[in-house]
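Have the viewer open while you read.

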Amino acid sequence: MNMGHKIRIYPTPEQEELCNKSFGCARFVYNHFLGMASESRFESYNKYNKQLTALKNELPWLKEPDKYALQSALEDLRDAFNRFFSRQNRYPKFKRKHGPKQSYRTYIVANQGKDKINYNIELSKEAIKLPKLGWVKANVHKPIDGQIKSVTVSKTGSGEFYASVCVEADSVSQIPSGNGEIGLDLGIKDFVVTSSGEKIANPKTLAKHEKRIALLQRNLSRKNKGSKNYAKNKAKLAKLHQKVANIRKDFQHKLSHRIVRDNQIIIIETLRVKNMLKNRRLSKAISDVSWSRFATMLEYKSKWHKREFHKVGAFFASSQLCHVCEHKNPDVKDLDIRVWECPKCKTVHDRDFNAAKNILKQGLKELKTA
Ligand SMILES: [Zn+2]
């Protein structure tokens, strides 16, 4: 299994231009061969790869960017067709020039030098070496262990550049086993509520930025679409959205790391997202907390560190059961009820803690019978 590390990079104007060319050429290659393929036919990768060489002689500008980016584009197309043929995906679509995120992937190649092996990708404390670009200034917060396999260079809608460094996870150090067991509930007010009695809120800075986003959005709707101010505001808005996304991701990475570090068994609830989206108030909460991405982080980090990760069945009524006597209290369906007393055993419950405890209990039961 592989592991990705995303770092911010700061290309010079020349490097930026070359990145933009690589985005464009990778997209061109993808679209070109997609145009040649059809629903019934995707010729072999090798055949297309030979044609790519010929195409490069015809169109010399294709030789300018990172050549591995072009090959990766062809590989991506092959994978997209494989998924289509095995009915996992729809028919591949053409990539748009003005998509929200531009990217290309490049991979590591070793060359035997005179007295040592040279790699086309290298990482230092404050820079990353990439094919054609050379050393690009980068913000590497912590050392990246393991053998680098590939790097995806991307540019966000607000013009920030990132490099996602993919390393082989076999060589990643494992966290020693924790011995806790934990159940997690998606909070409405909080991000996560745990069976061990912790309520973890979203970072406070998020609310502040979100207020500002709402304000800018309102301003934007009043402005003239063609005006200079409109463009300026739109750029500001994109930057702010990016910032919020970064804060949220960082928060979720740290939290999922801590939970996986401290526990051997991690149980969460299977969310019926479609059902929940019908309820408008909850839908905001869901998009806000982006729970499903967090769940994915927990899942893959659990795999890396050999933890047991389990989702309890979708129809398990985690909120309505009393975790002490298992009496079911349908009154609790009402989301406004934050604290309730079990009519049978008289235990007073905090709605979310009780749910998290039930999730843990149920998960352990399901793991035993599985
Ligand atoms: Zn009870």
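## Who lines the pocket

In this predicted model, the lining of the largest pocket draws at least two residues from each of β1 (2–10), β8, β9, α5 (228–262) and α8 (291–304).

In total, 46 residues line the largest pocket. If you want to centre your view, go for Gly4, His5, Lys6, Lys249 and His253, which lie nearest the pocket's centre.

How much space lies in the largest pocket? About 1,700 Å³.

## Where it sits

Why does the largest pocket lie between domain 1 and domain 2? Because both of them give residues to its lining: domain 1 covers 2–171, while domain 2 comes in two pieces, 180–209 and 239–369.

## The sheet

Now for the strands. Seven of them make an open sheet with antiparallel pairing, in the order β2-β8-β9-β1-β7-β6-β5. The edges belong to β2 (102–107) and β5 (122–123); each has a single partner strand, so one side of each goes without a neighbour in the sheet.

Strands β8 and β9 turn up in the pocket lining and also pair with each other: β8 (residues 148–155) and β9 (residues 161–168) run antiparallel, joined by seven bridges. For a spot to check by eye, find Ser150, which stands opposite Cys166 in β9.

Note on methods:
Residues numbered from 1 in each chain as written. Predicted model: local features only at pLDDT ≥ 70, side-chain atom pairs only at ≥ 80, totals over all residues. Heavy atoms only, no water. Pairing = 2+ DSSP bridges. Helix = DSSP H or I, 4+ residues; strand = E, 2+ residues; numbered from the N terminus. 1 Å grid on protein atoms, 1.4 Å probe; cavity = no way out; pocket = protein on both sides within 12 Å on 5 of 7 lines; lining within 4 Å. Points joined across faces, edges and corners; volume = space filled by probe spheres on them. Domains from an automatic or database assignment.
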